[in-house]
Amino acid sequence: MEYISRYDYEQMTAETRDERMAWFREARFGIFIHYGLYAQLGTGEWSQANENYTREEYEQLAKDFSPKEGCAREWCELAKKSGAKYAVLTTRHHEGFSLWDSKVNPYNSYNACGRDIVREFVDACREFDLKIGLYTSLMDWHHPDSWKCANDPEARARFLKYIEDLNTELLTNYGKIDILWYDVSCPMGNCESWDSVNRNARLRKLQPHIIINNRSAMPEDFDTPEGHIHASDRDWETCNTLTRLGWGYIDEEQSAPFAISSKQILRDLHLCTCGGGNLLLNIAPAPDGSIPKDTVDRLLPVGEWLQINGDATYGQKFRTGPVYSANTLTAVSADKDLKTFYLWNWVWPKNGKLIFGGYLDSPKKISFLATGEEIKFRVDGHRIILEDLPAEVPDKITGVTALKMEFENAPRHIFRSYYPQMHQGTDFSEGYHKW
Ligand code: GLC
């Protein structure tokens, strides 16, 4: 076995990070798929722990595990149609059931019903041109050593080997994998106990371009704020559910009223975009692997919208931060060079007028992002004024209208002023605040 110091390992991964992360920094949107035995219970992916099922009771679910033909293809097709650039599948959640033909974990989908769901997923990702993410839990409610490993050195050695063997299978047998998405480093709290440096170093040899998230008790390549959007200085990806109830399947009819709308998905996507991060949005297939219709109905308009307004989010963006809103009803994202701004309008003005304050330079052009149709505007002081806009919301897909505002050079900008009257008569010709 090869060993490496944490220092050397982190130097090594830092050196290749920009190259490995390049696609992720432009992708912006991914779909998370939580599928496992827990779907059958309909009480979320934590059922086994929350409801205190014994190992033997819970194992019975494997007998009824019967994903319908082609379900993984449906997940990936939906991800693609939603505008996502990548997908992440829970290959083995905390319940310990592997969704592939594992030689080290007989508690798996192949032994249950002759299906290698990971294979099907990976194939479908390739068919739909999605980057491939494999989620892998460190916490395990099935393996006999998974909890003993906290205090028993022999159990720990066995369990760490088990974890490494599982991930070695995933990173050896399925071709190129883009993300290794760890979860829950319980019961040990630090990377030394998990031996994460050495394991990750060995796993990286199998897939040198892979990116790894921050949940193996090490920062690795990117942060994963969960259930909230939090821009950090590092690369990051917010993961969230549609219903904000749970990650695993819950009765569609009763959970649907909790789900966020297509519009709200776009709002989350905007916040991630302007904070320089990604959104990994979860879908929770039903026991047979089918996607609840309600989920499809919310995601498809997002994809349709992104197909014509994608420039507002995909690609390298400037970290404008939420504070750079154009006005309360319109938010901003901007290309890296700050010459092109995108205005995401949440609430359309019925009086045909939109005003964006704080720009000290005049745009050369403003247009509807979806159609390219130009919009008349005038500049008054440090205000850009759009008048004679249509009375009806132009975007018919989600009601979020995106405008594109182009400048010759990155505009000087004063943002909004806390004391507008303070600026009366001020000469801004020398600028006030640069981006
Ligand atoms: C959590 C949960 C888990 C879920 C994950 C997604 O840590 O334990 O159930 O899969 O977050 O980020």
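My entries follow, grouped by element.

**Ground rules.** I am working on a predicted model, where local features need pLDDT of at least 70, side-chain atom pairs count only at pLDDT 80 or more, and totals for chains, interfaces and linings use all residues. Residues are numbered from 1 along each chain as its sequence is written, and side-chain values use heavy atoms, with hydrogens and water left out.

**Strand β7.** I found β7 mostly covered, with six of its six residues buried; buried is under 20% relative accessible area, exposed over 50%, partly exposed in between, with a 1.4 Å probe and protein chains only. In a regular strand the side chains alternate between the two faces of the sheet. So which residues of β7 sit on each side? I noted N278, L280 and N282 on one side and L279, L281 and I283 on the other, all of them buried.

Next I checked the partners of β7, taking two strands as paired if DSSP finds at least two bridges between them. Strand β1 (residues 29–33) runs parallel to β7 and is joined to it by five bridges. Strand β6 (residues 237–240) is also parallel to β7, with four bridges. L279 has F29 standing opposite, and T238 stands opposite L279 as well.

**Helix α10, with α8.** I then moved to α10 (residues 196–206), whose axis comes within 9 Å of that of α8 (residues 153–172), the two crossing at roughly 15°. Axes are lines fitted to C-alpha atoms, for helices over the stretch in contact, and angles run from 0 to 180 degrees between N-to-C directions. That angle makes α8 roughly parallel to α10 (under 35 degrees is roughly parallel, over 145 roughly antiparallel, 65 to 115 roughly perpendicular, the rest oblique). On the α8 side I listed L160, I163, E164, N167, T168, L171 and T172, which meet R199, R202, L203 and L206 of α10; contact means heavy atoms within 4.5 Å. By class, the contact of α8 with α10 has five nonpolar, three polar and three charged residues (Ala, Val, Leu, Ile, Met, Phe, Trp, Tyr, Cys and Pro are nonpolar; Asp, Glu, Lys and Arg charged; the others, Gly among them, polar).

**Helix α10, with α1.** How do α1 and α10 pack? I read an angle of about 40° and axes 11 Å apart for α1 (residues 6–21) and α10, so the two are oblique to each other. From α1, R6, Y9, T13 and R20 meet V197, N200, A201 and R204 in α10.

**The four-stranded sheet.** I traced an open sheet of four strands in the order β8-β9-β14-β11, with antiparallel pairing. Its edge strands are β8 (330–334) and β11 (365–368), each pairing on one side only. The twist averages 25° from one strand to the next. Six bridges join β9 (residues 340–345) to β14 (residues 401–406), and L343 stands opposite L403 in β14. Helix α12 (residues 262–274) packs on the sheet, touches β8 and β9, and makes about 40° with the direction of β8.

**N309.** Last, is N309 buried or exposed? It lies in helix α13 (residues 293–309) and is buried, at a relative accessible area of 1%. Leaving aside neighbours within four places in sequence, I found N309 in contact with L369, A370, D395 and A402.
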